[in-house]
Amino acid sequence: MITLAIDASTYIGTVAVLRDRTLVAEGEAVMRGEQEERLMPAVIATLGEAGCAVRDIARVICGAGPGSFTSLRIAGAIAKGIVMGNGARADGLFAVSSLALIVAGRSAQLEPGRWLALLDAMRGEKYAALYQVGSGGSVREIERLGLVRDADVAATCERLGARAIGPREMLESSPHARGAVVLLDEIIANGRVSLDTWEPDYGRLAEAQVKWEAAHGRSLTSDAK
């Protein structure tokens, strides 16, 4: 079975191709400041490196955020499009926390113990989740903490007996789609997500929506009802 995993929770999108349970190719793409969409070309290139094509993909795993609003939407649209396009050949769409991919993406190099995965949430805060890394590189979620103030990260790590991991943290690590290999059993056990209703967890509203609602004094979504 060919599985495609993609994540675009930060401004670097990542791609991984699995053949059964083995990682056979990986790639990445810059998601910000470019004149054209780069993630789908990276998907095609990574599939080519693995010796397969879009039509060969049986399962798609998409990073579910939290993270960059626009990048997550691009990844989600690509994931849904591939599953829908492959129709009966596809096993379905699955989701995985992008915070988990921070830890799982390099779990083989991590010391066993507790790790606090962190992603910038802007406004002086970070998205945070606590994970346990086993002696064999396994990764298990302990708790999702939601938002933690930047100033409280060190104290939170001390309280939880954990070390910080993430972009620009004590241990530098960004979410990477290759972490799906480590998390595959859990991802499959959690089941498929709906192609019709699933959206990534953006964590926060897009800045444009925040500004619109502040200017108009009402929720943007209420206009659609």
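Student: Which residues of α2 are buried?

Tutor: Buried means under 20% relative accessible area, exposed over 50% and partly exposed in between, with a 1.4 Å probe and protein chains only. The buried residues of α2 are S71, L72, A75, G76, I78, A79, K80, I82, V83 and N86. An α-helix has 3.6 residues a turn, so residues three or four places apart point the same way. One caution: this is a predicted model, where local features need pLDDT of at least 70, side-chain atom pairs count only at pLDDT 80 or more, and totals for chains, interfaces and linings use all residues. Residues are numbered from 1 along each chain as its sequence is written, and side-chain values use heavy atoms, leaving out hydrogens and water.

Student: What covers the buried residues of α2?

Tutor: Contact means heavy atoms within 4.5 Å, and helices (H or I, at least four residues) and strands (E, at least two) are DSSP runs numbered from the N terminus. The cover includes β1 (2–7), α1 (39–50), β4 and β5 (92–96).

Student: Where does S68 lie, and what does S68 touch?

Tutor: S68 sits in the loop between β4 (57–63) and α2 (69–86). S68 counts as buried because its relative accessibility is 14%. Not counting residues up to four places away in sequence, S68 touches A8, S9, T10 and Y11. Just after α2, G87 takes a positive phi of about 55°.

Student: Is I165 buried or exposed?

Tutor: Buried, because its relative accessibility is 0%. I165 belongs to strand β9 (residues 162–166). Its C-alpha is 6.2 Å from that of L118, 47 residues apart along the chain.
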